[in-house]
Amino acid sequence: MDCVRFKNSILNYYYGECDPVLTKELQDHLTGCEKCSIIFAQISGVLSSAETIKSEEPEPFYYTRLQAKIGDYKTGHIRSHLFARLAQPLAAACLAALGVFIGIRISGNLADQTLVGNDINQTEVAEVQLANEYFPKADKDDIIETYYLNINE
Amino acid sequence: MDDLVLINDSIAGDEKAFRAFAEKYAGLIFRVIRSFGISREDAEDLSQDVFIDIYKNIRKFRKEAEVSTWLYRIAINRSINYVNKSKRSKWMKRNQGDLKDYDNRVFDESSEMKFMDNEQKRILYYTIDKLPENQKIAFTLNKIDELSYKEIADIMNISVSSVESLIHRAKQNLQKRLLNFFE
């Protein structure tokens, strides 16, 4: 067996997934080739470093902290639930109040405009009354007649 | 106690049943998360988040499914999301930081062993992390968590032959990268 073939089977060899004949050839190559045996030692060291994880357990007080987190979740959940239940009617009430306020403001403006109109009308009436007081209450024909009479005299 | 009994009691609001359920599966979930190269502290936080997910969604559990399959799926999704979200530079920086700390020590035999183990783990997770996602999950579940092809097929919702193919390709890719690293 050459080094290239050994390297192509190195992971299968490490995991014991080669057939018995190939396994024997790989073992023989390993004992005779220093370069490949160094590489195999390095790679098997890396792959076997995962072994320690298989026996790991969480730290003590894991469940106490988990319970605390679940407690936080429940409190948050209740708060958000309460918020959702209260916030929606509150928002609706605020919107309704805002609508009423805007309505009042708009109708107030309209009323002001009507008052201004009324003021104008009242002013016009007052001016006409004043004019009537100072000018003679004659119709057009009287005025023309008086004018021509004055000329002829 | 049977898993389904614990789940049903938990749904009914029995806190003790949920704690018993968590105690039964905490180690498994913790190790699955660790097998994706996540630090102990983060793995503990993530595994607790997994239990909170379970607590929230326990009513949605389909009782015809295997409990462990369900748990593996949640734990794998959490781990993959975590690894993807962590920026690679940050992740690498953290690992390099660990190595620096070790370099500053005067090594006795045991700390040197620790350093070697840490360095080897770093290389392992670095090379596994370079694999495509499906290959990474299949390889990790098979070679680190020691699950059978059938169990992996159920968890990943693919056929057994697809799992075989994924693991075969993962081994080839990993072999190539490890050889490049050491040659």
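The model is a prediction, scored at ipTM 0.76 and pTM 0.68. The mean pLDDT of chain B is 82, and 82% of its residues reach at least 70. Residues 97-110 of chain B have a pLDDT below 50, and in the model this stretch makes 6 contacts beyond near neighbours in sequence. For chain A the mean pLDDT is 81, with 77% of the residues at 70 or above. Among the elements of chain A, the lowest mean pLDDT, 67, belongs to helix 6 (residues 140-152) of chain A, and the highest, 93, to helix 2 (residues 10-14) of chain A.

Chain B contains 9 helices and 0 strands, and its pattern along the sequence is accordingly written α-α-α-α-α-α-α-α-α. Of the 183 residues in chain B, 32% are buried. When contacts in chain B between residues at least 6 apart in sequence are considered, 59% of them join residues at least 24 apart.

Two helix pairs of chain B are described here. In the first, helix 1 (residues 3-11) of chain B packs on helix 2 of chain B at an angle of about 140°, and the two axes are 7 Å apart. Because of this angle, helix 1 of chain B is classed as oblique to helix 2 of chain B. The crossing of these two helices of chain B is left-handed. On the side of helix 1 of chain B, the residues involved are Leu6(B), Ile7(B), Asp9(B) and Ser10(B), which meet Ala17(B), Phe18(B), Ala20(B) and Phe21(B) of helix 2 of chain B. This contact of helix 1 with helix 2 of chain B consists of 6 nonpolar, 1 polar and 1 charged residues.

In the second pair, helix 3 (residues 40-57) and helix 4 (residues 67-85) of chain B pack with their axes 10 Å apart and at an angle of about 130°. Helix 3 of chain B is therefore oblique to helix 4 of chain B. Here the crossing is right-handed. Helix 3 of chain B contributes Leu46(B), Asp49(B), Val50(B), Asp53(B) and Ile54(B) to the contact, and helix 4 of chain B contributes Ile74(B), Ala75(B), Arg78(B), Ser79(B) and Tyr82(B). By class, the residues in the contact of helix 3 with helix 4 of chain B are 6 nonpolar, 1 polar and 3 charged.

The contact between the two chains takes 27 residues from chain A and 29 residues from chain B. On the chain B side, two or more residues each come from helix 2 (15-34), helix 3, helix 6 (109-129), helix 7 (133-144) and helix 9 (160-182) of chain B. Helix 2 of chain B gives the most to this side, with 8 residues. The residues of chain B that touch chain A comprise 13 nonpolar, 6 polar and 10 charged.

Ala170(B) is part of helix 9 of chain B. With 23 other C-beta atoms within 10 Å, above the cut-off of 20, Ala170(B) is buried. Apart from neighbours within four places in sequence, the contacts of Ala170(B) are Leu131(B), Gln135(B), Ala138(B) and Phe139(B). Asn134(B) is 36 residues away from Ala170(B) along the chain, and the C-alpha atoms of the two are separated by 9.0 Å.

Phe61(A) counts as exposed because 10 C-beta neighbours lie inside 10 Å, where the cut-off for exposure is 12 or fewer. Glu146(B) is placed in the loop between helix 7 and helix 8 (149-156) of chain B, and with 10 C-beta neighbours inside 10 Å Glu146(B) counts as exposed.

Conventions
Residues numbered from 1 in each chain as written. Chains lettered and ligands numbered in written order. Predicted model: local features only at pLDDT ≥ 70, side-chain atom pairs only at ≥ 80, totals over all residues. pLDDT = per-residue confidence, 0-100. Contact = placed C-beta atoms within 7 Å. Helix = DSSP H or I, 4+ residues; strand = E, 2+ residues; numbered from the N terminus. Axes fitted to C-alpha atoms, helices over the stretch in contact; angles between N-to-C directions. Parallel < 35°, antiparallel > 145°, perpendicular 65-115°, else oblique. Left-handed = near helix turned anticlockwise from the far one by under 90°. Nonpolar A, V, L, I, M, F, W, Y, C, P; charged D, E, K, R; others polar.
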